[in-house]
Amino acid sequence: MRKWIIILTGVATLALVNWTITQRENQITNGKVARLELAPVDPRSLMQGDYMALRFQLSNEVQRAITEKKEDAQDGHLVAKPDANGITRYVRLHAGESLAPDEFLLRYRVRDHQVKFATNAWFFQEGHAKIYEGARYGEFRVSPAGEMLLVAMLGKDREKLGPALPSTP
């Protein structure tokens with residue numbers, strides 16, 4: 001009996017991991033593109049090992065909106081839309097209302113009184129730090145529920161920095 005429990009637990013774990021991987025791959029392939037402008041991180045930590053510390057300008061706008069509401073900061077969603085250059089801009093905090101066709105949701109979390117998005121770091125291959133020094137934007141793929149996956153760093157002209165992601169068949 002114990003042997004079957006171990007086998008079933010292993011199979012269930014593998015199934016869950018593969019389901020999660022499939023969902024993330026689907027989001028990377030089909031998710032809505034959101035390009036967030038980087039905000040300086042103080043102290044700037046461009047290289048600690050092989051990652052770059054990130055903070056996004058959009059976080060400051062969400063923080064300001066939360067402060068103006070004078071409510072306790074909690075995790076939530078904001079409504080965003082791309083500007084003429086394809087850069088994602090803050091519209092408002094989401095309160096359950098319907099979205100315009102060009103609007104979409106981004107999920108944010110509040111940790112240590114700071115608004116954060118999916119990640120606060122970009123990891124890259126050892127020795128590639130110079131490639132990412134000029135990064136100005138982070139490119140995310142966003143699910144319909146507002147979950148974000150950081151897929152690329154972009155330069156000042158919104159060109160992708162670093163090696164391209166492998167294409168899917």
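Author: A cavity is a set of points on a 1 Å grid over the protein atoms alone, where a 1.4 Å probe fits but cannot get out. A volume is the space filled by probe spheres set on the points, which are joined across faces, edges and corners. This is a predicted model: local features need pLDDT of at least 70, side-chain atom pairs count only at pLDDT 80 or more, and totals for chains, interfaces and linings use all residues. Residues are numbered from 1 along each chain as its sequence is written, and side-chain values use heavy atoms, without hydrogens and water.

Reader: How many cavities of 30 Å³ or more does a search of the whole structure find?

Author: One. About 40 Å³ of space lies in the largest cavity.

Reader: Which residues line the largest cavity?

Author: Lining residues have an atom within 4 Å of a point. Here they are Leu36, Glu37, Gln57, Leu58, Glu61, Thr88 and Arg89. Two are nonpolar, two polar and three charged. The helix α2 gives the most, with three residues. The strands β1 and β4 (88–93) join α2 in giving two or more. Helices (H or I, at least four residues) and strands (E, at least two) are DSSP runs.

Reader: Why is the pair of Phe56 and Phe117 called edge-to-face?

Author: Aromatic rings pair if their centres lie within 6.5 Å; planes under 30 degrees apart are stacked, over 60 edge-to-face, the rest tilted. The centres of Phe56 and Phe117 are 6.4 Å apart and the planes stand at 75 degrees, so the pair is edge-to-face. It links distant parts of the chain, 61 residues apart. Phe56 sits in the loop between β2 (51–53) and α2 (57–69), Phe117 in the loop between β6 (114–116) and β7 (121–123). The structure holds five aromatic pairs. Phe56, Phe117 and Phe140 form one aromatic cluster.

Reader: Why does Phe56 count as buried?

Author: Buried means under 20% relative accessible area, exposed over 50%, partly exposed in between (1.4 Å probe, protein chains only). Phe56 has 2% relative accessibility, so it counts as buried. Phe117, at 5%, therefore counts as buried too.

Reader: Which residues have the most contacts inside the largest nonpolar core?

Author: Leu106, Tyr108, Phe117 and Met153, in a core of 30 residues. A nonpolar core joins buried Ala, Val, Leu, Ile, Met, Phe, Trp, Tyr and Cys through side-chain atoms within 4.5 Å. Elements that each supply at least two residues include β5 (104–111) and β9 (148–154). Another core, of five residues, lies apart from it; Tyr137 and Val151 are among them.

Reader: What does Leu106 touch?

Author: Contact means heavy atoms within 4.5 Å. Residues up to four places away in sequence are not counted; the partners include Leu36, Leu58, Thr88 and Phe117.

Key. Rings of Phe, Tyr and Trp (its six-membered ring) pair if their centres lie within 6.5 Å; planes under 30 degrees apart count as stacked, over 60 as edge-to-face and the rest as tilted. On a 1 Å grid over the protein atoms alone, a cavity is a set of points where a 1.4 Å probe fits but cannot get out, and a pocket is an open set with protein on both sides within 12 Å along at least five of seven lines; lining residues have an atom within 4 Å of a point. Ala, Val, Leu, Ile, Met, Phe, Trp, Tyr, Cys and Pro count as nonpolar, Asp, Glu, Lys and Arg as charged, and the others, Gly among them, as polar.
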